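Read each task, have a go, and then follow the solution step by step.

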Amino acid sequence: MKTTDLLIPESVKEVLIKSGIVELYPPQEEAIKAGALDGRNLVLASPTASGKTLIAELCALKHILEKDGKVLYLTPLRALASEKYEEFKKYSAITKSDGKRISVGISTGDYDSSDPWLERYDIIVATNEKVDSLLRHKAKWMDDISLVVADEVHLLNEMERGPTLEVVLARLMQTNPDIQVLALSATINNVEEIASWLKAGFVTTEWRPITLKEGTLLNNEIQFKDGDARKIEREAKNPAINLALNTVKSGGQALIFASTRKNSVTLAKKTAPKIGEVLSKPMKRALEREAERILTTGEKTRISELLAELVKCGVAFHHAGLGGGHRKIIEDAFRGGKIKVLTATPTLAFGVNLPARTVIIHDYRRYEPGYGYYPISVLEYKQMCGRAGRPKYDKIGEAVLVARTADEADYLMESYVLAKPERIWSRLAVERILRSHVLATVAADYAHTEAGIYDFFGRTFYAYQYDVAAIKNMIAKILRFLYEEEMIDVSGANIYATKFGKRVSELYIDPVSAVVIRNALRQKPAHLTDFSLLHMIAHTPDMRPMLRPYSSELDKVAVFMEERIDEFMTPVPSEWEDRIGYEQFLGEVKTAMVLKAWIEETSEDEIIEKFHVQPGDLYRTIENAKWLLYTSHELAVLFGNKEIQPLTLELMERVDKGVKKELLPLVKLEGVGRIRGRILYNAGYTTIDDLKHAQLEDLMKLPLIGPKIAKKIKEQIGGFVKKETWEKIEKEEEWKQKALTEY
Ligand SMILES: Nc1ncnc2c1ncn2[C@@H]1O[C@H](COP(=O)(O)OP(=O)(O)OP(=O)(O)O)[C@@H](O)[C@H]1O
Ligand SMILES: [Mg+2]
């Protein structure tokens, strides 16, 4: 089917053809035949890069241009939301029947708002969590949504985030009964079941734009599933490295999946010297620049330095311990063909679009702290394979599993390459997860009787798979808990949320976290400090994942805890009577210690060394801490606790910026973070007023400030930089740069 034959407005066809889409891919054609553009609910399950997004786009445009509709696009990750937002923006020049242009909005942060400004957009891209929180705030504009797209719907199977998606879809289908649902998924085993839950038709395909060859790699020989075999030249001991090298030599890129962060780093280190040898001079220069960008983004740490060294050889590692800035540089450089070999933990397989000619699964096992090694699922394996083959660059994509023995090779062929992906199961029936959804159902008025609550949960995927009776007991138990903790109240058959319950639901936290905070606020410790509050939030179940102490750290953490024993706002478990509680508590103390070090301006590198906490983990902990401090502030307001309110606000700002109190005024300036703030402060510029009186030339001389930042600072505080002064400075800089490059 040609783009020109589609029953869609001409303006849309123009945009498509301009972006190179002249003929539909087979799965797209099938989706259209299945009624996607006629308003029918549909689950489209098809491999990576088979063009599922386009169907969502066409559907969306149909709704906006022909039905005066509004579209909500759900994604599981923030990074994916921005990717989709950018993709939808190509339609923003199209005019609607009311004469206005199509508008696209994105919303991923701040869970305590109904974002009324989203009303003006035709397409809203958001994460599942954000939409869940919007539903709790009863955002008015959501009534107007006529199409919801659920991307990566196989996420339903995920422990933490699957239930959110399930509840969001069930809720939207309840509140907007005429809504069209379009669910996009990887190939899974029970598409029919999901489709039937969503009252949808379904399309499943195995079609891929690039042929995929799957196989196993044993002793430098690949055995493909179709019977073909291929020998790889042996240059290193590790066959995975030999294969990667072979790919790079023939002009491709390789993606190696490792089981742990540590392994991904080790593999990258071993691969780098080999790849470095085969790079061209211009490529090496381009990589030098990427390395420089890594070093100038965020704080310099041993991790960023190592990463930069590897990147110079065209190799990088990618895992959750890296900060977002560095991850983005790596992803872009890989997509741009500069990084030739990327080693990654399996999380990468999920969502982010990073194709490579060769995908090497170095270990079919995965490591989970506290759980040990376990084999990955077939679904995960398929997601990894799906990364093989770059459209437009590669004719074939290859995906191999590395085997250590012939027996293992047989096992891998049988259990992964030739296996079918597992069924997707609802993960809703976990008390910790279910309780916030039960509270939300009452608090946002989606139900006000026990029967109403069961009616709602009867619409979930869980109820479809198992029957709602299976979670009735759990719901009843949760209702009792919420009642005892005064989040809900009853009058006759009616159940309604108290002010506390409403606020907790809006704040988007686990009700148990709210109870922890409420009880702590009531209990004034002998000595109230920053640490008291940091520990209080670390004590909530929403502080996840916990930064557990390594055995070598246990003594240090225990001593620290003893020293601060009069600062805790929650009961301290006994080491002898409650061993598990005690160990958990040490984890909370460590988490609070890390946050404390952060706001005392300890450098990221020192935090890595002292606590074995990598930047990525640190940033996640910071994000969580900010939200929980905000929550604590809001609950302190609700309970009229005047003493805590200003403390939580100040701490929230300090955690946000990672600074001592005295730097707070300075770091409010754009371009000034904890490092530059400290430099300014130590140079005697301790207030905004000091900066107002400072000379531009003096600021420029400070380390890490330079002319651009100095000018930006001056301009933000109402200072004025004379045109002549600035031109003179720019000239001088230009000369300096020239002198440097010529040298
Ligand atoms: N009909 C087409 N002709 C040419 N290119 C297309 C066509 N349809 C989609 N594409 C391109 O294919 C690429 C992959 O499409 P898309 O991102 O929709 O994949 P997907 O099926 O959502 O995969 P994933 O499972 O990775 O999310 C995009 O760059 C898109 O522009
Ligand atoms: Mg997609």
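**Exercise 1.** With which residues is Asp-363 in contact, leaving aside its neighbours within four places in sequence?

*Solution.* Keep in mind that this is a predicted model.
- Step 1: Beyond those sequence neighbours, Asp-363 touches Phe-257, Ser-259 and Arg-404.
- Step 2: Look for polar pairs: the side chains of Asp-363 and Ser-259 make a polar contact at 3.5 Å.
- Step 3: Decide on burial. Buried means under 20% relative accessible area. Asp-363 has 11% relative accessibility, so Asp-363 counts as buried.

**Exercise 2.** In what order do the strands of the 8-stranded sheet run, and which strands stand at the edges?

*Solution.* 
- Step 1: The order is E10-E9-E8-E17-E14-E11-E13-E12, in an open sheet with mixed pairing.
- Step 2: Strand E10 (229–231) and strand E12 (315–318) each have a single partner strand, so one side of each lacks a neighbour in the sheet.
- Step 3: The twist from one strand to the next averages 20°.
- Step 4: Check the E12 end: E12 pairs in the parallel sense with strand E13 (residues 341–344) over 4 bridges, and His-318 has Ala-344 as its bridge partner.
- Step 5: Helix H9 (residues 261–277) lies across E11, E12 and E13, at about 170° to E12. H13 lies across E8, E11, E14 and E17, at about 115° to E8.

**Exercise 3.** How many of the residues of helix H13 are buried, and what covers them?

*Solution.* 
- Step 1: Helix H13 (residues 378–385) has 6 of its 8 residues buried.
- Step 2: These are Val-378, Leu-379, Tyr-381, Gln-383, Met-384 and Cys-385.
- Step 3: Their cover includes strand E8 (211–218), E11, E14, E17 and helix H14 (406–417).

**Exercise 4.** Which residues come nearest to ligand 1?

*Solution.* 
- Step 1: There are 13 residues around ligand 1, and Glu-23, Gln-28, Ala-49, Lys-52 and Thr-53 come nearest.
- Step 2: Check the nitrogen atoms of the ligand. A nitrogen atom of ligand 1 is 2.8 Å from a polar backbone atom of Glu-23. A polar side-chain atom of Gln-28 is likewise 2.8 Å from a nitrogen atom of ligand 1.
- Step 3: Check oxygen: an oxygen atom of ligand 1 is 3.1 Å from a polar backbone atom of Gly-51.
- Step 4: Consider the surface. Taken alone, ligand 1 exposes 650 Å², and the protein buries 73% of that.

Notes. Residues numbered from 1 in each chain as written. Chains lettered and ligands numbered in written order. Predicted model: local features only at pLDDT ≥ 70, side-chain atom pairs only at ≥ 80, totals over all residues. Heavy atoms only, no water. Near = heavy atom within 4 Å. Polar contact = N/O pair within 3.5 Å; in protein donor to acceptor, adjacent residues only side chain to side chain. Areas by Shrake-Rupley, 256 points an atom, 1.4 Å probe, with all protein chains shown as cover. Buried < 20%, exposed > 50% of the residue type's maximum accessible area, 1.4 Å probe, protein only. Helix = DSSP H or I, 4+ residues; strand = E, 2+ residues; numbered from the N terminus. Contact = heavy atoms within 4.5 Å. Pairing = 2+ DSSP bridges. Axes fitted to C-alpha atoms, helices over the stretch in contact; angles between N-to-C directions.
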